[in-house]
Amino acid sequence: MKDVKLMKGNEAIALGAVNAGCDGYFGYPITPQSEIIETLMEMKPWETTGMAVLQAESEIASINMVYGAAAMGKKAMTTSSSPGISLCSEGLSYIAGAELPCVVVNVQRGGPGLGTIQPAQADYAQAVKAPGHGDFNLIVLAPNSVQEMYDHVFLAYELAFKYRNPAMILTDGVIGQMMEKLVVDEAKPRMTEEFIRENYGSWALVGNKGVVTSLELEASRQEKVNERIQAKYKALKENEVRVEMTDCDDAEFVIVAFGSSARIAAKSVEILRAEGIKAGLLRPITLFPFPDKQLQDLAAKGVKGFLVAELNAGQMVKDVRLAVNGARPVEYYGRMGGMIYSPGEIAEALKEKLIEKTK
Amino acid sequence: MAEVQKTQENLVYAKPRLIKDNVMHYCPGCSHGTVHKLVAEVIEEMGMENKTVGVSPVGCSVLAYNYIDIDWVEAAHGRACAVATGVKRVAPERLVFTYQGDGDLASIGIGETVHAAQRGEKIVVIYINNAIYGMTGGQMSPTTLPGMKTSTSPYGREEALHGFPFKVADMIKVLDGTCYVTRQAVHTPAAVRKAKKAIRKAFENSMEGKGLSFVEFVSTCPSGWKQTATEANTWMEEHMFPVYPLGDIKDI
Amino acid sequence: MTEEIIIAGFGGQGVLSLGKILAYSGIMQDKEVSWMPSYGPEMRGGTANVTVMISDRRISSPIGQEYDTAIILNQQSMDKFEKTVKPGGVLIYDPNGITRHPERRDISIYTIAATEEASRRGNSKIFNTIVLGGYLKVKPGVVTLDNVYAGIKSSLPERAWKTLPANEEAVRIGMELIRKPE
């Protein structure tokens with residue numbers, strides 16, 4: 001039975017967690033994402049699905065509670081915003097090192113430091129390059145609508161369990177705070193103990209005297225762990241890239257943008273098309289793995305240039321340049337500190353940085 | 001080394017079944033080995049070997065999972081009580097305990113410890129207090145005694161410079177979420193027998209849902225203290241016990 | 001059809017909930033909708049605004065740059081948003097507390113004395129639904145009155161449904177009250 005609701009992105013994350021069969025949520029309030037824990041506390045899922053919800057004393061505690069719950073083979077989750085995600089770095093590294101699945105949501109705000117509570121995409125590099133110490137990556141999803149905030153909770157758990165790796169939903173104050181229509185599908189029940197034992201008994205603590213650890217004092221064995229982890233990332237790149245392309249078939253100029261920026265840039269494409277400029281939009285849905293191949297294909301197909309629009313000082317533009325590898329110009333347009341560009345600004349930037357230059 | 005054949009005739013002592021065959025890395029005279037044995041015995045006696053989850057710390061007991069044959073999760077430094085909270089909240093039927101030293105629990109992890117206690121998490125905290133960082137080579141810890149020499153207090157701990165020894169159990173007892181707070185030692189056979197009873201009571205409290213039980217072990221670190229095993233026991237009685245007196249502090 | 005609306009005023013005036021009613025009304029009418037608020041400490045007593053979009057098509061950007069309609073409920077918002085109304089668009093404002101009235105000649109301007117009317121009736125809570133009535137009167141093509149009533153109901157928690165008759169009445173009052181400035 002499908003049910004249509006009007007909901008904030010943050011509320012959709014909360015509902016998504018319950019409906020995706022999450023077993024334990026641990027979080028700490030921080031703007032602009034506190035609606036997630038508030039919604040969960042109001043829903044009281046412990047009385048319906050049995051899901052535990054706990055307000056922890058800090059983000060450091062939250063992520064370590066997630067680590068404990070994940071060690072049990074359970075679906076665990078925490079959510080925070082930029083400064084709080086920095087505090088989760090250590091725990092994320094342990095979870096990745098112990099090869100456990102979990103879902104973490106970052107509803108980004110501007111920084112550095114305490115920064116602003118207004119939306120930004122300034123944690124892109126942190127999310128996709130260096131979420132913590134050691135060689136590890138998160139699976140990173142970038143929803144651009146309230147519907148995807150909900151759907152990506154399901155997708156994040158699916159990928160996290162498939163690859164035994166933490167998954168992050170990287171969003172921001174725009175998508176977290178806005179309300180849109182949400183179509184809610186049937187809820188998934190929580191996993192049974194038998195299901196966990198059968199499917200995850202090889203690594204989860206199911207009473208078989210298992211050990212969950214990220215410690216390996218013998219360097220040659222630690223290298224094997226690293227190789228195994230890297231092999232998962234390779235498999236992710238081969239199998240799990242998700243991307244949305246709009247008006248790219250005949251595009252001469254392609255805007256590359258994710259999350260809230262992709263929504264604004266979609267309007268920029270409409271504006272440019274109305275002016276007779278063949279513009280398109282490539283939206284990475286997975287930021288890790290990154291859509292290198294799709295970008296290369298567009299460059300090979302005759303796209304004259306790419307404009308990367310992002311709410312930061314130019315972080316994703318480096319990945320687009322790596323993918324395109326000099327074949328075509330790749331320019332950047334961005335705003336910072338919680339300021340948001342208008343669709344017209346991006347359209348103007350494209351004309352100035354790409355069309356004027358390639359004339 | 002030649003294998004000695006164990007027979008009914010020459011067997012005078014057997015290690016608990018839940019203690020693995022791995023050679024322990026603990027130094028001679030260290031309290032860890034004895035406390036490990038007691039924990040293993042109690043779990044076995046309670047019939048909980050497939051239902052227990054231990055949370056090991058960063059410190060000398062980081063490898064506790066190599067010695068006691070149960071489910072384990074190895075926590076980041078200081079975070080054991082948060083990890084145990086996560087385990088217990090999604091698996092309330094499990095017996096969950098943390099095993100932490102004074103560097104891990106009283107320094108970097110005091111926040112997680114206090115909040116787990118205040119929330120009344122139905123877990124047990126086993127706290128090994130030997131007043132020094134053993135694993136990293138004998139640095140000062142929050143519980144290092146005044147005047148005590150360590151590698152980071154080479155002239156002895158000075159209160160004016162480093163503050164005072166942290167009596168964690170005395171602070172934990174005032175938190176409403178705790179049901180049992182006790183300070184034990186394992187330096188004599190009598191103390192070992194009492195200590196085992198304390199662990200049993202703590203574990204039973206946890207399964208009865210009574211709240212957090214906190215069992216401190218005033219412990220020795222002969223290597224860190226630069227003493228022999230027997231010297232360390234004597235030094236502990238003379239210097240540690242006056243600051244950290246043994247006995248039940250809270251039992252409700 | 002796409003209607004892009006900015007509603008701006010003081011926190012506590014019901015700016016966000018007015019936007020929410022419009023968004024719900026759009027859903028009742030099977031439209032695509034988005035509701036994008038300003039958020040943060042400014043909500044507590046400072047200025048608050050919300051962008052609502054109602055469209056037959058998928059909404060690309062929930063962030064607008066110019067609007068079909070601006071509903072302006074204090075002077076700061078007038079200063080900020082008068083210039084963002086599209087040429088030929090609509091600006092509705094409550095003259096209460098306004099010291100500089102709108103000056104543009106290329107848009108349709110309406111006033112609605114909702115603050116005065118709500119206080120005369122001793123119910124400050126119907127202020128925003130009076131404003132809503134005014135909007136519906138000058139923009140009848142966006143959502144139907146039935147869907148607005150359904151939208152009000154959906155936007156309120158069940159415990160507040162007893163206020164539905166008063167709110168529906170307020171919508172009708174607003175429709176009568178809105179006028180072109182003299």
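**Chain A and its partners**

Guide: Let's begin with chain B, where 26 residues are in contact with 30 residues of chain A (two residues are in contact if their C-beta atoms, placed from the backbone, lie within 7 Å). Three elements of chain B give two or more residues to that side: strand E2 (71-74), helix H2 (80-90) and helix H4 (110-119). Helices (H or I, at least four residues) and strands (E, at least two) are DSSP runs, numbered from the N terminus. H2(B) gives the most, with 8 residues. By class, the side of chain B that touches chain A has 14 nonpolar, 5 polar and 7 charged residues; Ala, Val, Leu, Ile, Met, Phe, Trp, Tyr, Cys and Pro count as nonpolar, Asp, Glu, Lys and Arg as charged, and the others, Gly among them, as polar.

A quick word on what you're looking at: this is a predicted model, where local features need pLDDT of at least 70 and side-chain atom pairs count only at pLDDT 80 or more, while totals for chains, interfaces and linings use all residues. Residues are numbered from 1 along each chain as its sequence is written, and chains are lettered from A and ligands numbered from 1 in the order in which they are written.

Back to chain B. Its strand E2(B) runs parallel to strand E9 (residues 211-212) of chain A, joined by 2 bridges; two strands pair if DSSP finds at least two bridges between them. Look for A:Val212, whose bridge partner in E2(B) is B:Val73.

Now for the sheet in chain A. It is an open one of 7 strands, in the order E3-E2-E4-E5-E7-E6-E13, with mixed pairing. Strand E3 (52-55) and strand E13 (286-288) of chain A stand at the edges with a single partner strand each, so one side of each is left without a neighbour in the sheet. On average, neighbouring strands here are turned by 20 degrees against each other, direction ignored (axes are lines fitted to C-alpha atoms, for helices over the stretch in contact, and angles run from 0 to 180 degrees between N-to-C directions). H2(B) turns up again, packing on this sheet and touching strand E2 (24-27), E3 and E4 of chain A. The direction of H2(B) makes about 145 degrees with that of E2(A). Inside the sheet, 4 bridges join the parallel strands E4 (residues 76-80) and E5 (residues 102-108) of chain A, and A:Met77 has A:Val103 in E5(A) as its bridge partner.

Next, a helix pair. The axes of H1 (residues 9-19) and H6 (residues 146-163) of chain A come within 8 Å and cross at roughly 25 degrees. H1(A) and H6(A) are therefore roughly parallel to each other (angles under 35 degrees count as roughly parallel, over 145 as roughly antiparallel, 65 to 115 as roughly perpendicular and the rest as oblique). Their contact has 9 nonpolar, 2 polar and no charged residues. H1(A) is mostly covered, with 10 of its 11 residues buried; buried means 20 or more other C-beta atoms within 10 Å of a residue's own, exposed 12 or fewer, and partly exposed in between, with C-beta atoms placed from the backbone.

Strand E8 (residues 179-184) of chain A runs antiparallel to E2(C), with 2 bridges between them, and A:Glu180 has C:Ser34 as its bridge partner.
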